[in-house]
Amino acid sequence: MKTISLESKIIVYESRDEIPSDILRLIGEAEEAAKRAYAAYSKFQVGAAILMNNGKVVTGSNQENAVYPCGLCAERTAAFAASALYPEVPFSRIAVTAINPVTPLKVPVSPCGSCRQVLYEYEQKFGQPIEVILSGQEGPVYHLRCIADLLPYTFHAGFLP
Ligand code: THU
């Protein structure tokens, strides 16, 4: 018997002053996207901004529905829009943030499992790591090397016939 360790490294920026300006700009785009969320039911507004290899930024926000499961998270809204607009362009980075209008979010938002899986698909498709930048309304900002670090031991196309 043996054990396998799965490691994921996270850079933690303790304050905004430490964050490189290009990353800060992408966080700003995600913050603006969060304000455009349609969060009629949860009131929790999430924004995502994807920087593509061609320099374009594609944003998304959560889109809710009276039939709750029909809604979609910000990350998938952005990822599907990015892939639909630029099907052959790899994703370089994604910034995700959220607004809790009742209790301001003091920790970085944490993407759900389905969004991690969807983003992993594009990481695999292009064979290029997608850096992940996660922030709250205040507090630390996390910077991960790739989606695989967010979703270790992942199901992928290689399992399929
Ligand atoms: N949500 C996102 O958009 N992204 C996440 O990573 C977590 C949750 C949305 C879905 C729903 O509209 C609301 O936040 C509450 O779950």
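**Reading the surroundings of Ser83**

Q: Which residues does Ser83 touch, not counting residues up to four places away in sequence?
A: Contact means heavy atoms within 4.5 Å. Here Ser83 touches Phe91 and Tyr122, with residues up to four places away in sequence not counted. This is a predicted model, in which local features need pLDDT of at least 70 and side-chain atom pairs count only at pLDDT 80 or more, while totals for chains, interfaces and linings use all residues. Residues are numbered from 1 along each chain as its sequence is written, and side-chain values use heavy atoms, leaving out hydrogens and water.

Q: Where is Ser83 found, and is Ser83 buried or exposed?
A: Ser83 lies in helix H2, residues 74-85 (helices, H or I, are DSSP runs of at least four residues and strands, E, of at least two, numbered from the N terminus). Ser83 is buried, at a relative accessible area of 15% (buried is under 20%, exposed over 50%, partly exposed in between, with a 1.4 Å probe and protein chains only).

Q: In which sense do E2 and E4 pair?
A: Strands pair if DSSP finds at least two bridges between them. E2 and E4 have eight bridges in the antiparallel sense, and Met52 stands opposite Phe91 in E4.
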